[in-house]
Amino acid sequence: MPTRYRLLCLALLVLVGAAAVEAAPATGTRSDLGRIATLRALTLLRPAPPHGSASTVRAKLAKPAGDPGAIAGTLSGLDPEGFYSATVTAWSADSTADRSSTGMAMVQPDGQYRIEGLEPGEYYVSATAKGYLPQYYKGAAVLSDAVPVTVGAGETAGGVDFALERMDAGSGSIAGVVRKDADGQGIPEVTVHAYSPDNPFIYGMAQTGRDGTYEMTGLYPGRYVLEVFANGYLPEYYRDAASPEEATRVEVVESGRVEGIDFGLAVGGSISGYVRHLDGTAVAGAWVQATFDWPREISADSVVTVAEGRSMPMRTDSWAVTDETGFYRIGGLATGNWRVQAQASTRWYYAYQWYPGTDKWEEAAPVAVTFEVETPGIDFGLNLPVMGSVISGRVTDREGNPLGEAWISVQSTATISRDKEDPAGSMETVPSAVAVWAYASTDKEGNYVVGELPAGEYLVAASAQVGWEYVQRWYRDAATVEEA
């Protein structure tokens, strides 16, 4: 029996879309910066594996075993604004195990939350909300006092509750300048991140102005670790420290302003090239990402020496977006080998490629990068077809009455093959070179239009909810996809 694209296609496309949203660069708004800080906190809280552990990378690539479970509970003590901003985050208590997982959930107006899709194991859980002190389970202010939550396969760990306490808005601030190491010029649009070493969910963030100056306000009294991130430059802790543990703490007091917290950033190495269509025309707006190719003797949390004996925290990946000519340049890279991927999408189609021209990480060629040297010519050719075709029609019931708000799905066909020894036997399908899944809904007259499609053959389905009955038909008037 043919095995063509099913509803799994929808799930895959949703996941691709979600991944693209996660990867998109920050716009600099307060909510964006807060989300970045939450993700950064998860990185800082992850236990570091032993140096030189050869299993580090394999553990992160291993496929989790067992049915996923969930963590659920209640948040109390919040006002309406607090509920709107509240999130609960869970992360694996053991990053070196054969499986690790992270989950996050928003809190409902009644205070309930539920984090799903967690692989079996132990998790630390933290609750945060705007204007409230972050808290670890069980009622802990710091991670060392937190109680891990055990998640069983296919089970829900319930009763993981939090009672948050309001935190008065901080009145402390930190100010300084971020400059280029080479000439001392200020660097604009640099993200400066400060966090409490005891609880990285207590943080502040700021971006530098045109002259490289920044001021971070609203800080709660206490000690902070400061780090800076700038596209095209190597990251850095205050003062030239290679790790959070070695970074000089900055003490903030109530209503106090700490000045002169300055940074000097090195440009590192860079990779550049062009992303083009197969016909040679430029692909503007393509996303190009470089990922560090870890040697076996270095763990994924190592610090490396990048130049002149200077140690830096490792940035494991960096990115750039192509301009109107298809050109990109990724800077701020440490000396070593990197693997590079380009990806682009149209409305219904997504294409990606690892350098030099493969769809598999294992076959990607490492690109050698040297400190303060540009590696050019890392080019890509993406199969992005012309999206100029349209499918349209009308959906009616058996009496010819139009059906409004019916769901239309359009999916590309696949090459059908039969068993060579039994040409009349069962058929299977092989995905086509251009895989497309598109959708639309009908208007009140039952009409629909699905545009921006590449030329090719498609299977079209219409579905609607009629009373308690769900009805789906494939073109032409087929009950199943096999008959379409």
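Modeller: A contact here means heavy atoms within 4.5 Å of each other. The model is predicted, so local features need pLDDT of at least 70 and side-chain atom pairs count only at pLDDT 80 or more, while totals for chains, interfaces and linings use all residues. Residues are numbered from 1 along each chain as its sequence is written, and side-chain values use heavy atoms, with hydrogens and water left out.

Biologist: Among contacts between residues at least 6 apart in sequence, what percentage joins residues at least 24 apart?

Modeller: The chain has four helices and 37 strands; these are DSSP runs numbered from the N terminus, with helices (H or I) of at least four residues and strands (E) of at least two. Among the contacts in the chain between residues at least 6 apart in sequence, the share that joins residues at least 24 apart is 72%.

Biologist: What percentage of the 484 residues is buried?

Modeller: A residue is called buried under 20% relative accessible area, exposed over 50% and partly exposed in between, with a 1.4 Å probe and protein chains only. Of the 484 residues in the chain, the buried share is 44%.

Biologist: Which residue of β24 stands opposite S272?

Modeller: Strand β24 covers residues 327–333, and because five of its seven residues are buried, this strand is largely enclosed by the rest of the structure. Two strands pair if DSSP finds at least two bridges between them, and strand β19 (residues 269–277) is joined to β24 by five bridges, the two running antiparallel. Within β24, the residue that stands opposite S272 is R329.

Biologist: By what angle are neighbouring strands turned against each other, on average, in the open sheet β34-β31-β36-β37?

Modeller: Four strands make up this open sheet, in the order β34-β31-β36-β37 and with antiparallel pairing. Its edge strands are β34 (437–441) and β37 (469–474), each of which pairs on one side only. With axes taken as lines fitted to C-alpha atoms, neighbouring strands of this sheet are turned against each other, on average and with direction ignored, by 20°.

Biologist: Which residue in β34 is the bridge partner of W407?

Modeller: Strand β31 (residues 407–412) pairs with β34 in the antiparallel sense over five bridges. W407 also belongs to one aromatic cluster with W348, W437 and Y439. The bridge partner of W407 in β34 is S441.

Biologist: What is the angle between the planes of W91 and Y136?

Modeller: Rings of Phe, Tyr and Trp (its six-membered ring) pair if their centres lie within 6.5 Å, and planes under 30 degrees apart count as stacked, over 60 as edge-to-face and the rest as tilted. The structure holds 15 aromatic pairs, including the edge-to-face pair of W91 and Y136, with 6.3 Å from centre to centre. This pair links distant parts of the chain, with W91 in strand β2 (residues 87–92) and Y136 in strand β6 (residues 135–136), 45 residues apart. W91 and Y136 are both buried, and the angle between their planes is 70°.

Biologist: How far apart are the ring centres of F292 and W338?

Modeller: F292 lies in strand β20 (residues 287–292) and is buried, with a relative accessible area of 6%. W338, in strand β25 (residues 336–345), is 46 residues away from F292 and is likewise buried. The planes of the two rings stand at 80°, so the pair is edge-to-face, and the ring centres are separated by 5.1 Å.

Biologist: Over the ring of which residue does the charged end of R339 sit?

Modeller: A charge sits over a ring if NZ of Lys or CZ of Arg is within 6 Å of the ring centre and within 35 degrees of the ring normal. The charged end of R339 is 4.5 Å from the centre of the ring over which it sits, and that ring belongs to W361.

Terms used:
Axes fitted to C-alpha atoms, helices over the stretch in contact; angles between N-to-C directions.
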